[in-house]
Each structure stands twice: as structure tokens, then as C-alpha cells.
Amino acid sequence: MGDYHCDRDEVKAMFRDGSDTPQDLRIVEDLGSAALDSGTIASYRSYFQRIRPNHPWRNLNDEDFLVRLQALVRSTKDNQLHPTIAGLLMFGREYDIVRKFANYLTELVK
């Protein structure tokens with residue numbers, strides 16, 4: 001143990017990880033719920049219902065389901081639902097993901 005010099009990336013990581021809110025639950029304030037792809041949500045819901053057929057969330061509407069998953073969160077700034085980073089990465093449209101995360105690479109699955 002002891003003091004040592006951190007490089008720039010290590011310092012950025014310490015600041016990033018020092019937040020009380022996990023990075024993936026941060027709200028993407030400049031996007032609304034429309035940034036989430038309905039087809040992707042439907043596919044995930046189908047999968048979720050297959051693996052958890054008796055789960056109480058299976059009968060929720062999409063909005064309530066996404067709120068329970070914390071893919072959508074109500075902002076205290078405007079009282080509107082916005083995607084979280086996790087929600088955007090999981091269910092977001094490619095355009096919005098790449099616009100928010102310029103270095104994110106998407107790949108088509110064949």
C-alpha cells in the first residue's frame with residue numbers, strides 16, 4: 001500500500017465509480033421513452049414470459065414493465081419518463097445508442 005500516481009484513465013474511473021448512482025442507472029435526460037424500440041421490447045417480453053411464466057410483471061403494460069426493470073425512470077426535473085443508460089443499451093434504437101455513445105459498435109446478427 002501507499003501513494004502512487006494514477007494515469008488519466010484511472011482518475012476518470014475513480015470519479016465515475018465514486019457516484020452513489022450506478023452508471024447504468026443514470027438517466028438519459030435528453031431522450032424520451034420513444035428512444036426504446038418496441039420490437040426489441042416485445043422480443044424481450046416474450047423471452048421473459050418463457051423463462052418466468054408465473055412472474056407478477058408478465059401482465060404489466062410495456063411502460064410499467066420497463067419502469068420495474070429500471071430501463072425507464074421518471075425524472076425529477078421534468079416528471080417525464082426517460083431511459084436509463086442500461087435501458088437505452090438494452091432496448092434502444094441503434095441511432096440513439098450511437099448518438100449517445102459514439103464509440104459503441106453495433107453489429108447485425110445474422
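User: How does Tyr-47 count: buried, partly exposed or exposed?

Analyst: A relative accessible area under 20% is called buried, over 50% exposed, and anything in between partly exposed (1.4 Å probe, protein chains only). Tyr-47, at 40% relative accessibility, counts as partly exposed. Before we go on: this is a predicted model, where local features need pLDDT of at least 70 and side-chain atom pairs count only at pLDDT 80 or more, while totals for chains, interfaces and linings use all residues. Residues are numbered from 1 along each chain as its sequence is written, and side-chain values use heavy atoms, leaving out hydrogens and water.

User: How many aromatic pairs does a search of the whole structure find?

Analyst: Rings of Phe, Tyr and Trp (its six-membered ring) pair if their centres lie within 6.5 Å; planes under 30 degrees apart count as stacked, over 60 as edge-to-face and the rest as tilted. The search of the whole structure finds five such pairs. One of them joins Tyr-44 and Tyr-47, a tilted pair with 6.2 Å from centre to centre and 45° between the planes. Tyr-44 also pairs with Phe-48: their ring centres are 6.2 Å apart and their planes at 35°, so this pair is tilted.

User: Where in the chain do Tyr-44 and Phe-48 sit?

Analyst: Helices (H or I, at least four residues) are DSSP runs, numbered from the N terminus, as are strands (E, at least two). Tyr-44 and Phe-48 are four residues apart in helix α2, so about one helical turn separates them. About one helical turn also separates Tyr-44 and Tyr-47, because they are three residues apart in helix α2. Phe-48 counts as buried, at 6% relative accessibility. Tyr-44, Tyr-47 and Phe-48 form one aromatic cluster together with Phe-65 and Phe-91.

User: Which residues make up the largest nonpolar core?

Analyst: A nonpolar core is a set of buried Ala, Val, Leu, Ile, Met, Phe, Trp, Tyr and Cys residues joined through side-chain atoms within 4.5 Å. The largest one here has seven residues: Leu-36, Ile-41, Leu-66, Ala-71, Leu-72, Leu-81 and Phe-91. A second, separate core has six residues, including Val-28, Ile-85, Leu-88 and Ile-97.

User: What does Ala-71 touch, not counting residues up to four places away in sequence?

Analyst: Contact means heavy atoms within 4.5 Å. With that sequence limit, Ala-71 touches Leu-36, Leu-66, His-82, Pro-83, Thr-84, Gly-87 and Phe-91.

User: How many salt bridges does a search of the whole structure find?

Analyst: A salt bridge is a side-chain nitrogen of Lys or Arg within 4 Å of a carboxyl oxygen of Asp or Glu. The search finds four of them. In one, the side chains of Asp-30 and Lys-100 meet at 3.4 Å, N to O. This pair links distant parts of the chain, 70 residues apart: Asp-30 lies in the loop between α1 (8-17) and α2 (38-51), and Lys-100 in helix α5 (residues 94-100). Asp-30 is exposed, with a relative accessible area of 55%, whereas Lys-100 is partly exposed, at 38%.

User: What does Asp-62 form with Arg-45?

Analyst: Asp-62 and Arg-45 form a salt bridge, and their closest N and O atoms are 2.8 Å apart. Here too, distant parts of the chain are linked: Asp-62 is in helix α3 (residues 62-68) and Arg-45 is in helix α2, 17 residues apart. Arg-45 is buried, with a relative accessible area of 9%, while Asp-62 counts as partly exposed at 37%. A charge sits over a ring if NZ of Lys or CZ of Arg is within 6 Å of the ring centre and within 35 degrees of the ring normal. The charged end of Arg-45 sits over the ring of Phe-65, 4.3 Å from its centre.

User: Which residues are linked in a network of salt bridges?

Analyst: The network links Arg-93, Asp-96 and Arg-99. Within it, Asp-96 and Arg-93 form a salt bridge whose closest N and O atoms are 2.6 Å apart. Asp-96 is in helix α5 and is buried, with a relative accessible area of 3%. Arg-93 counts as partly exposed, at 37% relative accessibility. Not counting residues up to four places away in sequence, Asp-96 touches Leu-31, Ala-35 and Leu-88.
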